[in-house]
Amino acid sequence: MLAPLLFVWPISIAFTHYFANSVASFPYDQSLREHVAAISRQVSFVDGHPQLALPNLAQIFLRSDEIDNVYFHMLDPDGQLIVGDPELPVPKRLDTLLVNEHSEVLFRDDEYRGQSLRVAYLYLLEAGAPPERGVLIEVGETTEKRSQLANKIIASVILPQFVIIPLAVVLVWFGLSQGLRPLTRLRDRIEARREADLSPIALRRVPEELRPLTEAFNSMLARMQQNVTAQRRFIADAAHQMRTPLTGLKTQAQLAMRETDPAELRHALRQILNGADRASHLVDQLLALARAEASEHSQQTLVVLDLNHLLREVVETWVVQALEKRIDLGYEPAGSVLILGNAFLLREMINNLLDNALRYTPPGGRVTARVVGQGDFALLEIEDSGPGISDAESQKVFDRFYRVDGTDGEGSGLGLAIVREIAEVHQAAASLRPINRDMEADEPAGCVARIVFPVYRATSQGLIQEPVQTGFA
């Protein structure tokens, strides 16, 4: 606040000086006007010739000033002196003045012998005479009294400011210090926190003006806490899950180093290769889970895409692997189904669903992928003829590292957890349900994984910007 104040103060002094000079000039201008009017009343015209009947006593009274010098004279239209002081300057535009300016006392500023003059003048005409027959009456006065009065006015205005402005600065400083003290306390509370403390700031002692800022800061702390928790959980899960395959790889390598039989050595190397594949798959799953969690807590870019077309592209990449396992992998074509989604994450989700279905479907089984549109919702279904699942375990399988007891398939227990995380990013609902078939049939019961997406509809104004919220699983 001091910088604008120091800038405005000189401007205030300049304005004060201007108005003080105007105020100081007014009464002295009035005095000069009266002098000119008094002299004009003493002018008479005899046969067209002007005469001034001004007694010496009147002239002495006119010049009686203890501070300033007063001059007067009367000129004819040619600028020749008729009576008065010859040292008083003559107007520079006398011809124009004589024609246009008469019957009214006017003022001008001039200079004589280095002194400033204030001159009052009147062009006086005889009644009925042409403009060229008049006389110019001028009374000039130096400006010392005006300057003294202006300085007194300026001093009376400026001097109190030297007291008032510093006092105002002190009061403003005190007021701002008191007003900002709650903000200072809040800053100190934040600075005193430990680096790992992400708990919300208590609002009981926060001023009303700072509550919105504090609440927004607490909301940011909560998001940071979620990210930190997700990172810690991921690190803990990764450390726990990677320990087992790495230990197995180390054990198999130690056994292979002691083997001398080529057949047993090849068997050990095959086990090492299988362990490396499992570890590689686990790392891929952990990274996919980390990406899904990061997408859930960030502003992920979602675009309009055809879910049915995307499903067909992913299914085609699994055909060879399904043939190697002698599994009938099918895709049921349907019309275009638009959703708002991230293609990379959706491919990851479908890959995990198909991988899970192919792992637990025995040779000779069947896996079918489809997209079904139902009003405001789009259903992505992966159906298999595997061993099925009970209703009690249908929700537990979405937990991390959970595997159904008695299953023979190899997996990390992360596939469906990744599916759930990606579904939440897309405001979708994921479920795994057993298929109710005729138990007398030879076909295994199997199960169906279903993801329910909100449909991205088109209107006459264009595409709807907000997806429909889904509520059923």
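Helices here are DSSP runs of H or I with at least four residues, and strands are runs of E with at least two, numbered from the N terminus. The model is a predicted one, where local features need pLDDT of at least 70, side-chain atom pairs count only at pLDDT 80 or more, and totals for chains, interfaces and linings use all residues. Residues are numbered from 1 along each chain as its sequence is written, and side-chain values use heavy atoms, leaving out hydrogens and water.

A cavity is a set of points on a 1 Å grid over the protein atoms alone where a 1.4 Å probe fits but cannot get out, and its lining residues have an atom within 4 Å of a point. Searching the whole structure turns up 1 cavity of 30 Å³ or more. Helix H9 (343-360), strand S12 (377-384) and strand S14 (447-454) each supply at least two residues of the lining of the largest cavity, with H9 giving the most, 3 residues. Among the lining residues are Leu353, Asn356, Asp384 and Cys447.

Now to the packing. A nonpolar core is a set of buried (under 20% relative accessible area, 1.4 Å probe, protein chains only) Ala, Val, Leu, Ile, Met, Phe, Trp, Tyr and Cys residues joined through side-chain atoms within 4.5 Å.

| Core | Size | Members include |
|---|---|---|
| Largest nonpolar core | 43 residues | Met349, Leu353, Ile451 |
| Another core, apart from it | 16 residues | Ala120, Leu124, Ile137 |

Beyond its neighbours within four places in sequence, Ile451 is in contact (heavy atoms within 4.5 Å) with residues including Met349, Leu353, Leu380 and Val419.

Conventions:
On a 1 Å grid over the protein atoms alone, a cavity is a set of points where a 1.4 Å probe fits but cannot get out, and a pocket is an open set with protein on both sides within 12 Å along at least five of seven lines; lining residues have an atom within 4 Å of a point. Grid points are joined across faces, edges and corners, and a volume is the space filled by probe spheres set on the points. Buried means under 20% relative accessible area, exposed over 50%, partly exposed in between (1.4 Å probe, protein chains only).
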